[in-house]
Amino acid sequence: MTSILNAFVRCGANKSVNGTEYVYNEILPDKINALLEIGIGMGGSMRAWCEFYPDAKIFGIDIDPGCTRVDVSRATTFIGDVSDAELMAGLVGVLPMLDVIVDDGSHKAADQQAAFEALFPILKPDGVYVIEDLHVATVEILDFLNSLPHDVKFHREYTATIERRVVVWRLN
Ligand SMILES: C[S@@+](CC[C@H](N)C(=O)[O-])C[C@H]1O[C@@H](n2cnc3c(N)ncnc32)[C@H](O)[C@@H]1O
């Protein structure tokens, strides 16, 4: 199987330069049916997901219409702002249940919270929900996550590098 570390480097994902690749190496399920990432950027991580999970459906969303121009292999991409509740409700209506959700978007707490509220209901049991670069708005987003009901279990908070923090949540 392709290593996720190699796929991030080969495909030019920005995760290969900030230490988060080691977190993914530890937490990613071997087999999945569907993954969604918020934040397509130059398409590096989209291409890596497609390579790492050749049989899975890969989805991406980004606020920047320019993202439609990047080569994201066989991923399905959407353009829109994750803080737009109506748009997110529409997106949830067309997506399958997801095994992995990755928030690598604006890194603003309000956007992270809006995305979590919209998407967590379609995370499969035992799925993982990753919020990257927590250091940008640590207190706000952790306050929100800690206020969630008990059946939404905190899995682990990682320090990917000295200043970058990543949080992983899952349903049990
Ligand atoms: C760090 S880049 C993504 C990098 C990519 N995931 C990778 O690893 O190669 C962050 C992206 O989030 C997008 N973004 C910022 N705010 C957003 C929002 N409110 N909704 C959706 N996407 C947003 C930006 O346009 C940008 O392309």
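Biologist: Which of the 22 residues around the ligand come nearest?
Modeller: Being near a molecule or strand means having a C-beta atom, placed from the backbone, within 6 Å of it. Here G39, G41, G44, S45 and S106 come nearest of the 22. Residue numbers start from 1 along each chain as its sequence is written. And this is a predicted model: local features need pLDDT of at least 70, side-chain atom pairs count only at pLDDT 80 or more, while totals for chains, interfaces and linings use all residues.

Biologist: What is the confidence in the protein?
Modeller: The predictor's confidence in each residue is its pLDDT, from 0 to 100. The mean for this protein is 85, with 85% of its residues at 70 or more. Strand β1 has the highest confidence, 98, and strand β7 (residues 165-171) the lowest, a mean of 64.

Biologist: Which elements each supply at least two residues of the shell around the ligand?
Modeller: Helices (H or I, at least four residues) and strands (E, at least two) are DSSP runs, numbered from the N terminus. For this shell, look at β1 (34-38), α3 (44-52) and β2 (57-62).

Biologist: How do the residues of the shell divide?
Modeller: Ala, Val, Leu, Ile, Met, Phe, Trp, Tyr, Cys and Pro count as nonpolar, Asp, Glu, Lys and Arg as charged, and the others, Gly among them, as polar. This shell has seven nonpolar, eight polar and seven charged residues.

Biologist: At what angle do α1 and α3 pack?
Modeller: Axes are lines fitted to C-alpha atoms, for helices over the stretch in contact, with angles from 0 to 180 degrees between N-to-C directions. These two pack at about 140°, their axes 8 Å apart. That makes α1 oblique to α3 (under 35 degrees is roughly parallel, over 145 roughly antiparallel, 65 to 115 roughly perpendicular, the rest oblique).

Biologist: Which residues make the contact?
Modeller: Contact means C-beta atoms, placed from the backbone, within 7 Å. I4, A7, F8 and C11 of α1 meet G44, S45, R47, A48, E51 and F52 of α3. That's six nonpolar, two polar and two charged residues.

Biologist: How do the axes of α1 and α2 cross?
Modeller: Helix α1 (residues 4-11) and helix α2 (residues 20-27) have axes that come within 9 Å and cross at roughly 140°. So α1 is oblique to α2 as well. In α1, I4, L5 and F8 make the contact, and in α2, E21, Y24 and N25.

Biologist: Which residues in α4 meet which in α5?
Modeller: A85, M88, A89 and V92 in α4 meet A114, A118 and L119 in α5. By class, that contact has seven nonpolar, no polar and no charged residues.

Definitions and conventions. Contact = placed C-beta atoms within 7 Å.
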